[in-house]
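This report concerns a protein shown together with an RNA strand. The sequence and the structure come first, and the description follows.

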Amino acid sequence: MLDARFVRENIDIVKKSLENRNYILPLDECLTIEGKRRSLLRESEGLRNRRNVVTDEIAILKSKQQDASGLIEEMKGVSHRIKELDDKIKILEGNINDFLLNIPNIPHESVPVGKDEAENVEVRGWGAPRLFDFEPLNHWDIGEMLEIIDFERASKIAGARFSLTKGLGAKLERSLMNFMLDLNTSKGYKEVFPPIIVNRESMTGTGQLPKFEMELFRIADPEFYLIPTAEVPVTNIHRDEILSEKDLPIYYTAYTPCFRREAGSYGKDVRGLIRQHQFNKVELVKFVKPEDSYNELESLTKDAEDILQKLELPYRVVALCTGDLGFAASKTYDLEVWLPAQQKHREISSCSNFTDFQARRANIRFKREGKKGTEFVHTLNGSGLAIGRTLVAVLENYQQKDGSVIVPEVLRPYMGVEVIK
RNA sequence: GGAGAGGUGGCCGAGCUGGUCUAAGGCAGCCGCCUGCUAAGCGGUUGUGGGGGUAAAACCUCACCCAGGGUUCGAAUCCCUGCCUCUCCGCCA
């Protein structure tokens, strides 16, 4: 969410941002409502001031056994008027808030301007795609041949876009999870294991609600939501808190299952593990001081890249353009891993700086030493990494002609074997 | 699921027969004084958000005693609803 005062004082910046993101919102109308709200608020507060004064006078008169009926009559009218004004103000505030909640974050000046993902910019690459002396198979064929992934039974149990790993496949999933958590915690990220169903406030705090309800699994009664990413519970750890400057930066890493409706993606990636309703992911989350957040984005991205490098999987880093940038993000790097069967790079991590956008919604502030007042922290997060897609990348990149799969060096202590066959 | 207790300022804790509560008192923190010494004493000070004001401050003002409604001229205090915490019983991974 943007600050109402920021919007009214920087209307041109906000308009430019919306234009670059291909958004159309009636900003001027919102500003008119905001002006109206402030004038009503002033009237209401003036009357309250009057009432506070007169109420004390009434108390004094009564204690002296004197008549106060005139003042009481007057105050009846004043209180009535205050209530009228407050009702109007509340409606206007609701309108303004709904409006602000639907304004996306402002892209950083370094973000390339572009219409859609075709205009994203490759920043760097790492590793060379392996040369195969045979036709590489899709991961779902490898998985079924080795009997480590079972799509049919998963759809019997739950439905389409669910999967079941077993044997060394299940162990590979668990090994990836442990490897990533161990690596991340060795760099100072604190491991947390949060709730994976959350309330509406948490979803609103990180920006999933109210705009993206259709993408979430919801539990109706009582109302809860399944998290689409650990970003939600982990960022909300500090909702409505005032941190002290010396607490910052705070780094967390968390493994959680993630749940997504994938509404609107019918026909996309229908086979395999790429797009599932339920998948596992290890996430990196940071709370930092405003002046540090863009440097922290670079180091967070490097930390995610390091996982791919240690797994020796080729990838590239892409800076998202304004048209492809997520709602809450001011800047995002996607990591895309090379998948030989598809002959394509596919997203395996998305690292974003949300500046104060989530912090304002979730009310996460900090206090500087020796300074009055509070400021919003900046929040960042990135996958480190999506486990299902990493499993795909390992199977496809490490497959052998005989159908077996070599276990990456760094996973062998976790797997206990060198080859899956 | 049944029975009971409770949610007050950074923390502890009074107030809860409605009106100097602009919330006592204590602790902690900060500033100063005194005292020659890691102690004690004395005085002062301390939150958050909004509106106005200013070059920026100062300053003025409104709101905040879990949240949301209600009663009243006036609510921390009375009434209703919800959320959360704790204790006991039952059930359960």
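A residue is called buried when its relative accessible area is under 20%, exposed when that area is over 50%, and partly exposed in between (1.4 Å probe, protein chains only). The model is a predicted one, in which local features need pLDDT of at least 70 and side-chain atom pairs count only at pLDDT 80 or more, whereas totals for chains, interfaces and linings use all residues. Residues are numbered from 1 along each chain as its sequence is written, chains are lettered from A and ligands numbered from 1 in the order in which they are written, and side-chain values use heavy atoms, with hydrogens and water left out.

**Aromatic pairs**

Rings of Phe, Tyr and Trp (its six-membered ring) form a pair if their centres lie within 6.5 Å; planes under 30 degrees apart are stacked, those over 60 edge-to-face, and the rest tilted. The count under this rule is 8 aromatic pairs. Phe212 and Phe327 make one edge-to-face pair, with 5.5 Å between centres and 75 degrees between planes. Phe212 belongs to the loop between α8 (200-206) and β4 (218-219), and Phe327 to the loop between β9 (315-319) and β10 (331-339), so this pair ties together parts that are 115 residues apart in sequence. Helices (H or I, at least four residues) and strands (E, at least two) are DSSP runs, numbered from the N terminus.

Phe212 is partly exposed, at 25% relative accessible area, while Phe327 is buried, at 7%. Phe327 also pairs with Phe357: the ring centres are 5.6 Å apart and the planes stand at 85 degrees, so this pair is edge-to-face. Phe357 is in helix α11 (residues 357-362), 30 residues from Phe327, and is buried, with a relative accessible area of 0%. Phe212, Phe327 and Phe357 form one aromatic cluster.

**Cysteines**

A disulfide is a pair of cysteine sulfur atoms within 2.5 Å, and the structure holds 0 of them. The cysteine sulfur closest to that of Cys321 is in Cys351, 17 Å away, which is too far for a bond. For Cys351, the nearest cysteine sulfur is that of Cys258, at 14 Å. Cys321 is buried, at 0% relative accessibility, and Cys351 is likewise buried, at 0%.

A residue is near the strand if one of its heavy atoms lies within 4 Å of it. There are 26 residues around RNA strand B, of which Arg5, Glu45, Asn49, Lys90 and Thr374 come nearest.

The most come from α3, with 13 residues.
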